[in-house]
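Notebook open, structure on screen.

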Amino acid sequence: MGIFDIFKSKKKKEEANKYRIGMEKTRKSGAFSRLKKLFSNYNEITEDLFDELEEIFVMADIGVDTVVKFIDELKADPQVKNLTSAKDLQPIIIDKMFDIYLKGEVVNSNLCFNKEGLSVFLFVGVNGVGKTTTIAKIAYKLIKEGKKVLVAAGDTFRAGACEQLIEWGRRIGFEVVSKDYNSDPSSVIYDGIMKAKAGNYDVLLCDTAGRLQTKVNLMKELEKIKRVISKEVSGAPQDTLLVIDATTGQNGLSQAKAFIEATDVSGVVLTKLDGTAKGGIVLAIRENYNVPIKFVGLGETVNDLEYFDIEKYVYGLFAEMIDEDEDNE
């Protein structure tokens, strides 16, 4: 069943409504907004149409190599060869984007909890992407799910980072383990683990530095933190989550490359998807680095961080196109 068919269900649309609302700016002001106009300009499927599609998708931050491969596969698709109307390409394009993400696999977008005790989740990412706020929002989400949550303020090199987490903790209702500015981050994480074990916490969320002088320094710091965690908690960290600002586009992809090379990133959190993000970065990250998206930020409130769902995401990108198709039936 294709995406167009899936979202003929009123229930499915209601479930995806937060994505539709949250991604409105991405859908209406970015490269994807040109798609609808494009299909109004072409009656037949021509090489010029494919050229314009390629340009739109490159501008949408999907990545040049992925786009070229995508367009080649689209041209070779037997379904496409039998079409006479350009508009009939729409559902095929959207379904193929869905396939780019899945790659024929079952993609685990859930957090990987430790079934036998404390779960430790490590957060990495550059300064300014919303990492600290993301940690607070995930803490809130887990607390609502009945988990006992502790946070370790391991970003000791950024002035105000610990204080920011402590304030979030006061507002939401979680404790924070912290030390003075410029303290050893690994010692903060260690203290967090000791407190989590002694207090029978379910989850420990660990913040880390977003900027060190060189990539080598960053790698060494993250390796040291992971050694501390794995020594004290079997199989931990259960997830290492890279936080990326979705509005940064290709710069976000460069960040992904650096951190994936530096540590074992198991999932990505995309923040600010409600802003002027171009939308295609989800597909680019999955295609280039084979790492799943685990959360997306769809607004500024504490409730606006959502578990990632590829069906809802694709609907968020193409809601008008999908809904219009249903109205025309």
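This is a predicted model: local features need pLDDT of at least 70, side-chain atom pairs count only at pLDDT 80 or more; totals for chains, interfaces and linings use all residues.

I started at Lys96. Leaving aside neighbours within four places in sequence, I find Lys96 in contact with Phe70, Glu73, Leu74 and Asp77 (contact means heavy atoms within 4.5 Å). Lys96 sits in helix H9; helices here are DSSP runs of H or I of at least four residues, strands are E runs of at least two, and both are numbered from the N terminus. With a relative accessible area of 17%, Lys96 counts as buried (buried is under 20%, exposed over 50%, partly exposed in between, with a 1.4 Å probe and protein chains only).

Residues are numbered from 1 along each chain as its sequence is written, and side-chain values use heavy atoms, with hydrogens and water left out.

Next I looked at how H7 meets H9. The axes of H7 (residues 64-76) and H9 (residues 89-102) come within 11 Å and cross at roughly 130°; axes are lines fitted to C-alpha atoms, for helices over the stretch in contact, and angles run from 0 to 180 degrees between N-to-C directions. That makes H7 oblique to H9 (under 35 degrees is roughly parallel, over 145 roughly antiparallel, 65 to 115 roughly perpendicular, the rest oblique). Which residues make the contact? From H7 I list Thr66, Phe70, Glu73 and Leu74, and from H9 Leu89, Ile92, Ile93, Lys96, Met97 and Ile100. They divide into seven nonpolar, one polar and two charged; Ala, Val, Leu, Ile, Met, Phe, Trp, Tyr, Cys and Pro count as nonpolar, Asp, Glu, Lys and Arg as charged, and the others, Gly among them, as polar.

Then H10 and H11. H10 (residues 131-144) packs on H11 at about 25°, with the axes 10 Å apart, so I call the two roughly parallel. H10 brings Thr132, Thr133, Ile135, Ala136, Tyr140 and Ile143, while H11 brings Ala161, Gln164, Leu165, Trp168 and Ile172. By class I get eight nonpolar, three polar and no charged residues.

Last stop, Thr156, in the loop between strand E2 (149-152) and helix H11 (161-172). Is Thr156 buried or exposed? Thr156 is buried, at 1% relative accessibility. Its side chain reaches the backbone oxygen of Ser183 at 2.6 Å. Not counting residues up to four places away in sequence, Thr156 touches Asp180, Tyr181, Asn182, Ser183, Pro185 and Val188.

Technical notes:
A polar contact is a pair of N or O atoms within 3.5 Å; within protein, one must be able to donate a hydrogen and the other to accept it, and residues adjacent in sequence count only if both atoms are side-chain atoms.
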